[in-house]
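Biologist: I would like a close look at one part of this model. Please take me through it step by step, and then show me what surrounds it.

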Amino acid sequence: MKELLTEKLTKQFPEITFEVIEQFGELTLKFDKSEIVHVCTFLKAEESLKFNFCEDVTAIDWAVRKNRFTVVYHIFSMENKFRLCLKVDVDESECTVESVSSIWKSANWAEREAYDMFGITFLHHPDLRRMYMPEEFDYHPLRKEYPLMGIPGAIPLPKK
Amino acid sequence: MGLESKLINDGFFTTTIDALAAWARESSVWPMPMGISCCAIEMMASGDPKYDISRFGSEVMRFTPRQCDLMIVAGTVTYKMAHVVKKIFDQMPEPKWVIAMGACTSTGGMYRSYNVVQGIDQFLPVDVYAAGCPPRPENLLNALMQIQDKIGKTRVKDFPDLPHLSHETKLTDPTFSKN
Amino acid sequence: MQKLTKDDVHPKIVQALLGADVHITVDDALENEMILNMGPQHPATHGVLRLLLRLDGETVVACVPELGYLHRGYEKMAENMTYLEFVPHTDRLDYISPPANNVAYALAVEKLAGITAPPRAQYIRMLLAELARMCSHLVAIGALAMDVGALTVFLWGLREREKILDFFDAICGARFTTSYTRIGGVASDVTSDALKNIIAFINQFEEKFDEMERLLNGNRIFIERLEGVGVIGKDDAIDLGFTGPNLRGSGVEFDLRRATPYLFYNEMDFNIPVYTEGDCLARYFVRSDELRESAKIVRQVIDKIPNGEVMLNSPKKALPRKTEIYTKMEELIHDFMIVNHGINPPVGEVYHAVENPKGELGFYLVSKGEGQPWRMKIRSPSFANLQAIPLMVKGHMISDVVAIVGSIDPIMGEADK
């Protein structure tokens, strides 16, 4: 399955460099963030691959200056029973990436959660608003500079 | 409270009526289950056939605050949910009591994080704290029995913001005319 | 009585109806439509879910769910505690079936650390996972029946569930939030008495569950309330990220225990119930069939359970035995290091998913070689299942919304993390 996948992808997208990481029995592909929609559309539509199930979209904050965030997509092919992980790097200065919610609807809420927790904007998302924190909240909790106990007074409490 | 509010003086007849009213109130505590997370499941379990809560008079677990006198806050209260809990508490008619069920409502529990209120007594007056994560149903029933003890000791003069029809007493409590 | 038009109603009332924190725009409000708030506190015992419904009369035109009322900050807390310290937190994710979450987390961390628990521990984990599945489905069926109006089924289901909780008490030490699995095995062994009692329970469970089903399966009110309500097609279900019984009720035969086998499920003989209609009744039938299949699996597990250790003998990765800690120096040091500084798995990432009673529970762990994870993401099934509610309630009435939410069976503890 891994050979089929790499062969099809390199044939379809000869201009993208894919970094292939294989560990713990799982396959991860890393590439440039501008190609994410094209690659995902191909992966879903291609007959022999058919990655029709998007399990999760999330992000990692590495707390380094260059390429601070990594957006991670876990997709699964029900026919081939194969799981694939896609990763794109997002820099803090240009904290945006194209949304894949037009390809898989389950990415809709997952991307909203990533926006809420990290502040990564997903372009062309149908309804990008916060998921868990109230709308007036100013911070993004899962960034590494946000303290665990929160900022006192960020969300008001009712009076006794 | 109509008859006994006329009888303020502590005579034999009035103290008996007092005690009778307190006994009636404690034997039929209707809880308002503010079930938020895991403690709510143990609260449901305290209503199942093994740990029957209805033998304590609390069979009627109404989910509308207007008909209840005990609020059991079961589950982690977050900052977003705190406003909802306070709103529902305000809708309950007097007299009302609160059981803080579990560690999360007492002190924030095992969640020392940015979104969990570290103890609901920051915005609610709590009467009984039940410890446990989650408290076993027997523990919740013990807390209910303690509330019943507390109710059994109340007397008319503990509820001052109710109308006194006697011409001798005046309405001095400024909180009477709130909502 | 004349219908109210925009001119009759004071503009401030319209403003109050729309409210400050509603994010759907309603043009020509109060022409025919109104906004109803099924607030975070409502009697259907599915937790704190807020649904904003836009109604035309009594028919739902649009629905916006709002989550976050139980967001406890799990992922941020996980970055500050060791892998072992996080096990009690996994209990409270899907809080109806805590042992299943413990098993899922332990498997994910063991995959990262590159160790496998001994066979007896894996069989015990399978036993607990299936008993937890039975607990969860009993509550799910009971709650669905209670939402629709049949209160007796709920109490009968809880009665059976109490018997299972007694077994958790005997095996794990706690009846509800068990925290039983450890990295490299389970906390303590199972006695043969407990296994005999479980077999006795399973033997009488079939007929008790038959009694419950007799109340519902032929009940005209139950069937009319659930048939044709909340239909979701096969492609929509996969696209929206449905997993678990909800997906199998829409005709997709997909179960992680067969697709990506873990523990010893490929040696067990069980069926996967699939129904094609995709409505609430189909999801109810999937759950009740799965209850019987889980009973079958429990019987096979107890038949085949081997003797042996329950904790891996790997000093750097798994906790040593308590009896040896007090007498031997090496074990004491290892225990100290593992509890305080955590096991140090190699640098890397892993995503491991298991078939929870609600669907696919996945843990994505990013490790930088330290004792704490650098990032932990919990892929919870209820979060993905709730996404489908706006699609499923369109065109139904308010009381159908209750039935639909009940048949999806969300648990807000894991949806909000």
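How do α5(C) and α17(C) run relative to each other, roughly parallel or roughly antiparallel?

Modeller: Keep in mind that this is a predicted model. Start with the two helices. Helix α5 of chain C covers residues 119-148, and helix α17 of chain C covers residues 398-408. They pack at an angle of about 175 degrees. An angle over 145 degrees counts as roughly antiparallel. α5(C) and α17(C) are therefore roughly antiparallel to each other. Their axes lie 9 Å apart.

Now look at the residues that meet. From α5(C) come C:Ala143, C:Leu144, C:Asp147 and C:Val148. From α17(C) come C:Val402, C:Ala403, C:Gly406 and C:Ser407. Sorted by class, this contact has five nonpolar, two polar and one charged residues.

Helix α7 (residues 192-217) and helix α12 (residues 280-304) of chain C pack at about 165 degrees, and their axes are 10 Å apart. That angle makes α7(C) roughly antiparallel to α12(C). The crossing of α7(C) past α12(C) is left-handed. On the α7(C) side, the residues in contact include C:Leu195, C:Ile198, C:Phe205 and C:Phe209. On the α12(C) side, they include C:Leu291, C:Ala295, C:Val298 and C:Ile302. C:Glu206 and C:Glu213 of α7(C) also take part, as does C:Arg299 of α12(C). By class, the contact between α7(C) and α12(C) has ten nonpolar, one polar and three charged residues.

Next, the sheets of chain C. Strands of a sheet pair through backbone hydrogen bonds, either parallel or antiparallel. One open sheet has three strands in the order β1-β2-β3 of chain C, with antiparallel pairing. From one strand to the next, the twist averages 20 degrees. Strand β2 of chain C, residues 50-56, pairs with β3(C) over seven bridges. Follow one of them: C:Leu52 has C:Val64 in β3(C) as its bridge partner.

Another open sheet of three strands runs in the order β6-β7-β8 of chain C, and its pairing is antiparallel. Here the edges are β6 (348-355) and β8 (375-379) of chain C. Neighbouring strands of this sheet are turned by 10 degrees against each other on average, direction ignored. Strand β7 of chain C, residues 360-367, pairs with β8(C) over five bridges. In this region C:Tyr364 stands opposite C:Lys377 in β8(C). A helix joins the picture too. Helix α4 of chain C, residues 98-113, packs on the sheet and touches β6 and β7 of chain C. The direction of α4(C) makes about 150 degrees with that of β6(C).

Now step across to chain B. Chain B has six helices and four strands. Along the sequence, they follow the pattern α-α-β-α-β-α-β-α-β-α. Chain B has 179 residues, and 39% of them count as buried.

Where does chain B meet chain C? There, 28 residues of chain B are in contact with 26 residues of chain C. The elements of chain B that give two or more residues to this side are β1 (31-35), α3 (38-45) and α4 (79-91). The largest share, six residues, comes from α3(B). By class, this side of chain B has 18 nonpolar, six polar and four charged residues.

Chain B also touches chain A. That contact takes twelve residues from chain B and ten residues from chain A. By class, the side of chain B that touches chain A has five nonpolar, four polar and three charged residues.

Finish with the backbone. Most residues other than glycine have a negative phi, and most peptide bonds are trans. In chain B, a cis peptide bond joins B:Glu94 and B:Pro95, with omega about -10 degrees. B:Pro95 sits in the loop between α4 and β3 (97-101) of chain B. Another cis bond joins B:Cys133 and B:Pro134, with omega about -5 degrees. B:Pro134 sits in the loop between β4 (128-130) and α6 (137-152) of chain B.

In chain A, A:Ala63 has a positive phi of about 60 degrees although it is not a glycine. A:Ala63 lies in the loop between β3 (53-61) and β4 (69-77) of chain A. A:Ala63 counts as exposed because it has 11 C-beta neighbours inside 10 Å.

Technical notes: Residues numbered from 1 in each chain as written. Chains lettered and ligands numbered in written order. Predicted model: local features only at pLDDT ≥ 70, side-chain atom pairs only at ≥ 80, totals over all residues. Buried ≥ 20, exposed ≤ 12 C-beta atoms within 10 Å, placed from the backbone. Contact = placed C-beta atoms within 7 Å. Nonpolar A, V, L, I, M, F, W, Y, C, P; charged D, E, K, R; others polar. Axes fitted to C-alpha atoms, helices over the stretch in contact; angles between N-to-C directions. Parallel < 35°, antiparallel > 145°, perpendicular 65-115°, else oblique. Left-handed = near helix turned anticlockwise from the far one by under 90°. Pairing = 2+ DSSP bridges.
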